[in-house]
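Hi,

Here is the structure I promised to pass on. Have a look at it first, and then read on for what turned up.

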Amino acid sequence: MSSYIKVKTRDFDEIEISEREILTFVKGIFAFEDYTSYVLLAPIGENKFPMWLQSTQDENICFIIFDPLESCPDYSVTISEEEKRLLGAAGCEDKIEYLVIAVVPEKYEDTTVNLKSPIAVNTANNKALQIIAPENYPIKFPLFKKEEK
């Protein structure tokens with residue numbers, strides 16, 4: 001039986017979540033290493049993304065995230081054996097999903113995602129780790145295609 005906790009959020013007031021929904025970062029997100037407990041919040045509707053990666057420790061720490069395959073269909077990263085070990089995913093790489101953090105400026109259409117440093121999530125145990133992909137992906141990849149004038 002799962003217990004529930006209340007989490008104050010930046011954008012959705014206070015919510016109640018199951019402790020099973022918590023993602024535990026084994027090393028924290030770059031520049032936010034002290035915050036290791038997050039929950040994924042999805043908007044209501046047909047689209048799964050964007051999602052909010054909300055800290056359960058500080059309501060002001062929240063990231064907008066996307067599935068990298070939505071903007072880069074051939075996206076594929078190599079994860080090291082050490083990273084697999086940290087995630088508890090050695091031998092079950094098929095349980096790892098990737099998310100990318102977005103930077104949403106005032107002009108929403110200029111939103112970019114960081115393909116170079118995805119978040120790897122082991123869906124079997126909810127452990128997460130931000131990695132640096134060895135592949136040559138950009139840090140600022142435009143989420144929306146610009147129409148040529």
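A term before we start: buried means under 20% relative accessible area, exposed means over 50%, and partly exposed is in between, using a 1.4 Å probe and protein chains only. Keep in mind that this is a predicted model, so local features need pLDDT of at least 70 and side-chain atom pairs count only at pLDDT 80 or more, while totals for chains, interfaces and linings use all residues. Residues are numbered from 1 along each chain as its sequence is written, and side-chain values use heavy atoms, with hydrogens and water left out.

Now the loops. D13 sits in the loop between strand 1 (4-8) and strand 2 (14-18); helices (H or I, at least four residues) and strands (E, at least two) are DSSP runs, numbered from the N terminus. D13 is not a glycine, yet its phi is positive, at about 60°. Is D13 buried or exposed? With a relative accessible area of 63%, D13 is exposed.

N126 also has a positive phi, near 60°, and is a residue other than glycine. You'll find N126 in the loop between strand 9 (119-122) and strand 10 (127-130). N126 counts as buried, at 18% relative accessibility.

One more backbone item: the peptide bond from F49 to P50 is cis, with omega near 5°. P50 belongs to the loop between strand 4 (37-41) and strand 5 (51-55).

Then there is K95, in the loop between helix 2 (81-87) and strand 7. K95 is partly exposed, with 37% relative accessibility. Apart from neighbours within four places in sequence, K95 is in contact (heavy atoms within 4.5 Å) with V121, N122, T123 and A124.

On to the pocket. A pocket here is found on a 1 Å grid over the protein atoms alone, as an open set of points where a 1.4 Å probe fits, with protein on both sides within 12 Å along at least five of seven lines; lining residues have an atom within 4 Å of a point. The largest pocket has a volume of about 170 Å³, where volume is the space filled by probe spheres set on the points, and grid points are joined across faces, edges and corners. Its lining consists of K48, F49, D67, P68, L69, Y75, S76, V77, E97, Y98 and L99. Helix 1 (68-71) and strand 7 (96-103) are the elements that give two or more residues to this lining, and strand 7 gives the most, with three. By type, the lining has seven nonpolar, one polar and three charged residues (Ala, Val, Leu, Ile, Met, Phe, Trp, Tyr, Cys and Pro count as nonpolar, Asp, Glu, Lys and Arg as charged, the others, Gly among them, as polar).

Finally, the whole chain. The protein chain has two helices and 11 strands. The radius of gyration is 16 Å, close to the 15 Å that the globule rule gives for 149 residues, so the chain is as compact as a globular protein of that length; the radius is taken over C-alpha atoms, and the rule is 2.2 Å times the number of residues to the power 0.38. Buried residues make up 43% of the 149. Of the contacts between residues at least 6 apart in sequence, 48% join residues at least 24 apart.

Cheers
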